[in-house]
Amino acid sequence: MLETPIWITNFKNYESAIGHSALELARIHERVARETGVSIGIAVSAMDIFRIAKEVSIPVFAQHVDPIDYGKCTGYILPQGVKKAGAIGTLLNHSERRLPWEDLENAVCCAQKATLKRIVCAENPEEVEKFVDLDPDFLAFEPPELIGSTKASVASSKPESIKKSVLLAGKIPLLVGAGINSVEDVEVSLRLGAKGFLVATAITKAVDPEQALRLFVKAMKKR
Ligand code: G3P
């Protein structure tokens, strides 16, 4: 069971978070998790899962898996392969890697079969409601127009949607993401019932990622 509130940094394919840099960044996350006791995970490129999962003890997630099983599937990301590489879970349907409904249903099943934790991403409260039926371990609410923003966030621009999504998610813990870049964003989201965060820019593009992470995590701890 992953403890909440949880902070998950999505490394995406940022240059600062690929290959050797990804490992360095992963070690920073591990150190901050160890020293603060806050639940911290990372979602890394499929190419980096094996190396990173071998080196750090925090939860490592894939950013995507395909709805496939062992066999003739050249070039696809196999859920069992991700598991064997050391990931404990996967994001699914991230707004940068959307899946048609049927594929999403299948991907959730395949990930479950591979005993991966499932974080299903939704772009709006309506999708949050729809995706509850998939029974994921987490839902992540991320309005796409705010992803990558350093000026506005889901918490500053759409607090009412966070509240609504928390209600619609019911017993499934809701993560929030998109433009999260301040202590206020963290505080507001938690106050509205979010159980964690899915963040990229504020860490991967920070001048000092460790300092940034410590600041956010401190705000999580205060609660
Ligand atoms: O999955 C995290 C995400 O899409 C949010 O990205 O850059 O707005 O923190 P960012």
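Reader: Which strand is Ala140 found in?

Author: Ala140 sits in strand E6, residues 138-141. Strands (E, at least two residues) and helices (H or I, at least four) are DSSP runs, numbered from the N terminus. This is a predicted model, where local features need pLDDT of at least 70, side-chain atom pairs count only at pLDDT 80 or more, and totals for chains, interfaces and linings use all residues. Residues are numbered from 1 along each chain as its sequence is written, and side-chain values use heavy atoms, with hydrogens and water left out.

Reader: Why is Ala140 called buried?

Author: Buried means under 20% relative accessible area, exposed over 50%, and partly exposed in between (1.4 Å probe, protein chains only). Ala140 has 0%, so it counts as buried.

Reader: And what makes Cys109 partly exposed?

Author: Its relative accessibility is 48%, so Cys109 falls in the in-between class.

Reader: What makes E7 and E8 a pair?

Author: Two strands pair if DSSP finds at least two bridges between them. Strand E7 (residues 174-177) and E8 have 3 bridges, so they pair, in the parallel sense. Leu175 stands opposite Gly196 in E8.
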